[in-house]
Amino acid sequence: MFELSRDSTVPLVDQICERVTQLVRHGQLSAGTRLPSIRKLARQVSASPFTVVDAYDRLVARGVIESRAGRGFFVAQRRLSPPLVAVEALDDPGSDALALARLCVTSSADIIPAGAGFLPENWLLEAGPAAALTRLARGRRAQPWLPCPPQGMAELREQIATGLVQHGIAASAANIVTTYGASQAFDLLARILLAPGDAVLVEEPGYFVLFEQLRAHHVRLIPVPRHADGPDLAALEEACRAHRPRAFFMQTLVHNPTGSSADPAHCHRILSLAEQFGFAVVEDDVYGDLYEGSAVRLAQIDGLRHVIYVGTYTKLIGPSLRVGYVAADAALISQLVERKVLSVLSGSTLLECFVTEVLGNGRYKRHVEQMRARLARMRRDARLALESAGVRFDAAHGEGMFLWGRVPDGTPVDELVRRAREHSILLARGTLFSPTGGCAQWLRFNVAHSTSPRLVQFLGEALRAA
């Protein structure tokens, strides 16, 4: 039927699967054809019957062949696929916030993800994952397939609390609940803190996915302009007096999309207004580890009285590692655990064990230090490249993954984004980062993906022609 290579590094079972699949694909084995029995094929290819059993099981799982009780294995009938024309005629994914979020997590290797929110694969934590998985396999921690405590693994919460104390935030493991990334944290908080019609303060520009999450709870989004030194304090106080907000969602450090960080004076004034007007401050610190130097966080000053602190390990360890957390007072943590149980029952022991290993071996801290230096170089290079194409930036340089750039007035940004997609370039238009649809002439750039000559050439030609 075919021969196997003993000199190949490909396991025999994989070779059998590949040979049979190719014979079926090229029509040499037509639908309904009976395959050799397990023992017969084992003799033909000089392999163990157990190897053939494994190969046949895999081929059945892939739908290439089928097993008929008492009769053997047969080539499966081909399932009809939609015509190519129909596939090509599928609707455009759109240009709203949800479309950008989907494109960010499904981009292929052919696309330049200049507007995406993730780092390149080869930037993510190196060496740590393999070592962590090895230790998990050796059973040095709780069995990763067993149920996870709803509040999160105690050892992980202890490690998170230790990190918070190092930041000057007074918190213990009892003040922490783990979540499936920061997104679930925001959703759980919205369910507990907010009711339809409530006024909620958000930064403009700000995190576009958060806006959509809050809108789903039918609250009123009240924008507060964000500047290089933090939220506009006069606008914040005016919004507090006019709307009596229930909460304010903000990023103190390494703001998305501008890269700016609030200074201590702004932090103190924000907390003073929270005390005066009685609103909760949800401090989104998902990029805070990228801040260089001595940082001042709202939770550090406040002691978790008015501040609810949200963090995650998804951004820097890996986007599929959905482990975030909330630090808050004990009463709110109890409510969050109840809501978490009602929504997803519990977290993932496997993922939480993994993060526990990575934090415990010291690799994460070294990785973050290397990432800061690498991002600083890429911010400089990306800014120079984009400026050469006609994009303009504020004088303040900021930090972290993102650059917030302005294109010339009169540039049709929606058309620019659409044309970029036709050239396999993903751009993030500024209106998505505004709760009011403002920031029309702005784009967010991921510095790790924004030095591509193809991107710079496209923008240069498009902006000159606008």
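**Reading the model**

User: In which strand does Pro223 lie?
Analyst: A strand is a DSSP run of at least two E residues and a helix a run of at least four H or I residues, both numbered from the N terminus. Pro223 falls within the run of residues 220-227. That run is strand E5.

User: What kind of model is this?
Analyst: Residues are numbered from 1 along each chain as its sequence is written, and side-chain values use heavy atoms, with hydrogens and water left out. Local features need pLDDT of at least 70, side-chain atom pairs count only at pLDDT 80 or more, and totals for chains, interfaces and linings use all residues, as this is a predicted model.

User: Is Pro223 buried, exposed or partly exposed?
Analyst: Buried means under 20% relative accessible area, exposed means over 50%, and partly exposed is in between (1.4 Å probe, protein chains only). The relative accessible area of Pro223 is 26%, so Pro223 is partly exposed.

User: Which residues is Pro223 in contact with, leaving aside neighbours within four places in sequence?
Analyst: Contact means heavy atoms within 4.5 Å. Leu236 is 13 residues from Pro223 along the chain, and their C-alpha atoms are separated by 8.7 Å. With the sequence neighbours left aside, the contacts of Pro223 are Val202, Glu204, Pro435 and Thr436.

**The sheet**

User: In what order do the 8 strands of the open sheet stand?
Analyst: Two strands pair if DSSP finds at least two bridges between them. In general, strands of a sheet pair through backbone hydrogen bonds, either parallel or antiparallel. Here the pairing is mixed, and the order is E3-E10-E9-E8-E7-E4-E5-E6.

User: Which strands stand at the edges?
Analyst: An edge strand here has a single partner strand, so one side is left without a neighbour in the sheet. The two in that position are strand E3 (176-179) and strand E6 (230-231).

User: Which residue stands opposite Val282 in E9?
Analyst: Strand E7 (residues 247-250) pairs with E8 in the parallel sense over 4 bridges, and Phe249 stands opposite Val282 in E8. Strand E8 (residues 280-284) is also joined to E9 by 4 bridges, and these two run parallel. In E9, the residue opposite Val282 is Ile308.

User: Which residue of E10 is the bridge partner of Gly311?
Analyst: E9 pairs with strand E10 (residues 324-327) over 4 bridges, in the antiparallel sense. The partner of Gly311 is Tyr325.

User: How many residues of strand E9 are buried?
Analyst: On one side Val307, Tyr309 and Gly311 are buried, and on the other Ile308, Val310 and Thr312 are buried, so both faces are covered. Strand E9 (residues 307-312) is therefore largely enclosed by the rest of the structure, and its buried residues number 6 of the 6.

**Helices and single residues**

User: What angle do the axes of H16 and H18 make?
Analyst: Axes are lines fitted to C-alpha atoms, for helices over the stretch in contact, and angles run from 0 to 180 degrees between N-to-C directions. The axes of helix H16 (residues 363-389) and helix H18 (residues 453-465) come within 8 Å. Angles under 35 degrees count as roughly parallel, over 145 as roughly antiparallel, 65 to 115 as roughly perpendicular and the rest as oblique. H16 and H18 are therefore roughly parallel, and they cross at roughly 30 degrees.

User: How do the residues of the contact of H16 with H18 divide?
Analyst: H16 contributes Ala385, Leu386, Ser388 and Ala389, and H18 contributes Leu455, Val456, Leu459, Gly460 and Leu463. Ala, Val, Leu, Ile, Met, Phe, Trp, Tyr, Cys and Pro count as nonpolar, Asp, Glu, Lys and Arg as charged, and the others, Gly among them, as polar. The division is 7 nonpolar, 2 polar and no charged.

User: How far apart are the end C-alpha atoms of helix H15?
Analyst: The expected span of a helix is 1.5 Å times one less than its number of residues. For the 12 residues of helix H15 (residues 349-360) this should come to 16 Å, which agrees with the model. H15 is also mostly covered, with 9 of its 12 residues buried. Its end C-alpha atoms are apart by 16 Å.

User: What is the relative accessible area of His255?
Analyst: His255 lies in the loop between E7 and helix H11 (264-277). Not counting residues up to four places away in sequence, His255 touches Glu203, Pro205, Gly206, Arg226 and Ser260. His255 is buried, with a relative accessible area of 1%.

User: How many helices and strands does the protein have?
Analyst: Buried residues make up 51% of its 466 residues. The secondary structure comes to 18 helices and 13 strands.
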